[in-house]
Amino acid sequence: MRPLKRRADSPACEYGILTRLEKGAFFLQIKYSEGSGTTAMGGREKTVLLDEAATKRAIVRISHEIVEHNKGAENVVLIGILTRGAPLARRIGKNVENIEGKTLPTGYVDITLYRDDLTEITDMPKVKRTDVPFSVKDKDVVLCDDVLYTGRTARAAMEAVLALGRPKTIQLAVLVDRGHRELPIRADYVGKNIPTAQSEVIAVRFNETDGEDCVKLYEYD
């Protein structure tokens, strides 16, 4: 947590948090004391890649592909990678229920428990709870995440699943694949492939977490 200097004409700033994102950029959160909320700064918005309607269509298509690939949904369970993999998993689950009439078991995993660079994040890491209230043994586990980038988050999530048991398969569903893989990992279901530069960041926004449904492209200097 890092205090920020402020101009005389700006609202009182309580704190600023600079976070290095796995997606390949820095994110600055500023909390103001005059009720103005939390603001993201530092990047230029270049374009909207998916609007609300296109985001919905992509998730519906992923849901149909999961049902088709697994010849139904009888053995499928969903695990969302926090944060925005969670609403993606819930939406896929709702779509599959509409298609197949079956409610899919849905859980969540926080990969900060398993990051191989965990000690670089903080000297005293806080272990967060993984919420998977069902057995993954012999199941077709579909991991859900918003963006696939280097593959490190997906690998860590797979390790988290394997720590819970031995599934029949582990599959990966992502809303956006932006390239730049560092590990031999690919998604089984992709909403949209979007080639990007290293200086660019894909921002997936969901109503549940951000108050809107869209995918935006930002550029950082």
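Does D177 count as buried or exposed, and at what relative accessibility? D177 counts as buried, at 11% relative accessibility; buried means under 20% relative accessible area, exposed over 50%, and partly exposed in between (1.4 Å probe, protein chains only).

This is a predicted model, in which local features need pLDDT of at least 70, side-chain atom pairs count only at pLDDT 80 or more, and totals for chains, interfaces and linings use all residues. Residues are numbered from 1 along each chain as its sequence is written, and side-chain values use heavy atoms, with hydrogens and water left out.

Side chains of opposite charge can pair when their charged atoms come close. A salt bridge here is a side-chain nitrogen of Lys or Arg within 4 Å of a carboxyl oxygen of Asp or Glu. The structure has 13 salt bridges, including those in the table.

| Salt bridge | N to O distance |
|---|---|
| K216 and E45 | 3.8 Å |
| R61 and E65 | 3.5 Å |
| D177 and R181 | 2.8 Å |

R181, the partner of D177, is partly exposed at 28%. Salt bridges with shared partners join E45, R205, E212 and K216 into one network.

K216 belongs to strand β11 (residues 214–219) and E45 to strand β4 (residues 44–50), so their pair ties together parts 171 residues apart in sequence. Helices (H or I, at least four residues) and strands (E, at least two) are DSSP runs, numbered from the N terminus. K216 is buried, with a relative accessible area of 14%, whereas E45 is partly exposed at 43%.

R61 and E65 both sit in helix α1 (residues 52–69), four residues apart, about one turn of the helix. R61 is partly exposed at 36% relative accessibility, and E65 is partly exposed at 27%.
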